[in-house]
Amino acid sequence: MGGFVTAALGFPAVLFSFLLIVVIGYWLLALLGAVDVDDFDGGDGLLAGFGGVPLSISLSLLIAFTWFASLAGTVLLDDLELSTPSRIGFGVGVLAVALVLGTLGTRVIVVPLRRVFGPAREPSRKDFVGRAAVIRTSSVTHDFGQAEVAAADGSTAIVDVRQAGQGNLTAGSRVVLYDYDSEREFFWVESLDI
C-alpha cells in the first residue's frame, strides 16, 4: 500500500491525484443529491464536453484516464532510479503522454455516449413510413384519403394518404404506409389484407 501512495504522490501523478479526489467528491455529492450534474455543464461553448457529452462526465473520464496513465508512468520512473534532473525531464514526458492517453481513452468512451446525450433528432413525417395505419375517410383513391397512424412514442396523427391503382380501402381498413411524397405531402398506402 505504501508503494501505491508513494506513486500517487510522485510527479506527475500527484497533479492528477488531487483532481481525481475532487472528481470522486463531486460524484459522491451528486449521488447524494447535493449537486445537480447539469450545473457545471458548459452548454455549446468552450467548456462543453467532448462531442456533446456533458462536461461533468467527459472531464471526469479525462481526469481518471490521465491519472491512471500518469500513475503507471510514475511507477516506471521509480523503477529506473534516475537522478533528479533526469527524473523531472522524464516526468514532463510522462505528463505529456498521460494527457494524450487520457484524451484518447476519453474519446473511446464518449463516442458511444454521444447517442445517449446528443441532441434529439427532430421527428419527421418519414418516421411514419413502414407503420400500420387505419383509414379514417369513407374511401381512399389516387387523389383523396386520410388515415390515423401511431408514432413510436404512442401519439397518433391523421395523415393524408393515397392509393396507387384500384382497391377497396374504406373507413376502418388497416393499411401500411410504404412511401412518403414530400412534394405533395401524402403517404402511399397498401392494404394489410393482401
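**Aromatic rings and a walk along the chain**

Phe-128, Tyr-180 and Phe-187 come together as one aromatic cluster, in what is a predicted model.

The protein chain contains four helices and five strands, and, read from the N terminus on, its elements follow the order α-α-α-α-β-β-β-β-β. Of its 194 residues, 32% are buried, while the accessible surface amounts to about 12,100 Å², with 64% of that surface belonging to carbon and sulfur atoms. Among the contacts with a separation of 6 or more, 53% are between residues 24 or more positions apart.

The UniProt record, an unreviewed entry, lists residues 12-34, 46-68 and 88-110 under "transmembrane region". In the model, residues 12-34 are 87% helix and 0% strand, with the end C-alpha atoms 31 Å apart. Residues 88-110, for their part, are 100% helix and 0% strand, and their end C-alpha atoms lie 32 Å apart.

A search of the whole structure for aromatic pairs finds five. One of them joins Phe-4 and Trp-67, whose ring centres are 6.3 Å apart and whose planes meet at 75 degrees, so the pair is edge-to-face. Because Phe-4 lies in helix α1 (residues 2-8) and Trp-67 in helix α3 (residues 55-80), the pair ties together parts that are 63 residues apart in sequence. Phe-4 is partly exposed, since its relative accessible area is 42%, whereas Trp-67 counts as buried because its relative accessibility is 14%, and the cut-off for buried is under 20%.

Another pair is formed by Phe-186 and Trp-188, with ring centres 5.1 Å apart and planes at 75 degrees, so this pair is also edge-to-face. Both Phe-186 and Trp-188 are buried.

Leaving aside residues up to four places away in sequence, Glu-185 touches Arg-125, Asp-160 and Tyr-180, and Tyr-180 leads back to the aromatic cluster with Phe-128 and Phe-187. As for Arg-125, this residue and Glu-185 are 60 residues apart in sequence, yet their C-alpha atoms are 8.9 Å apart in space.

Terms used
Residues numbered from 1 in each chain as written. Predicted model: local features only at pLDDT ≥ 70, side-chain atom pairs only at ≥ 80, totals over all residues. Heavy atoms only, no water. Contact = heavy atoms within 4.5 Å. UniProt positions renumbered as here; feature names shortened; annotations may be inferred. Helix = DSSP H or I, 4+ residues; strand = E, 2+ residues; numbered from the N terminus. Buried < 20%, exposed > 50% of the residue type's maximum accessible area, 1.4 Å probe, protein only. Areas by Shrake-Rupley, 256 points an atom, 1.4 Å probe, with all protein chains shown as cover. Phe/Tyr/Trp six-rings, centres within 6.5 Å; stacked < 30°, edge-to-face > 60°.
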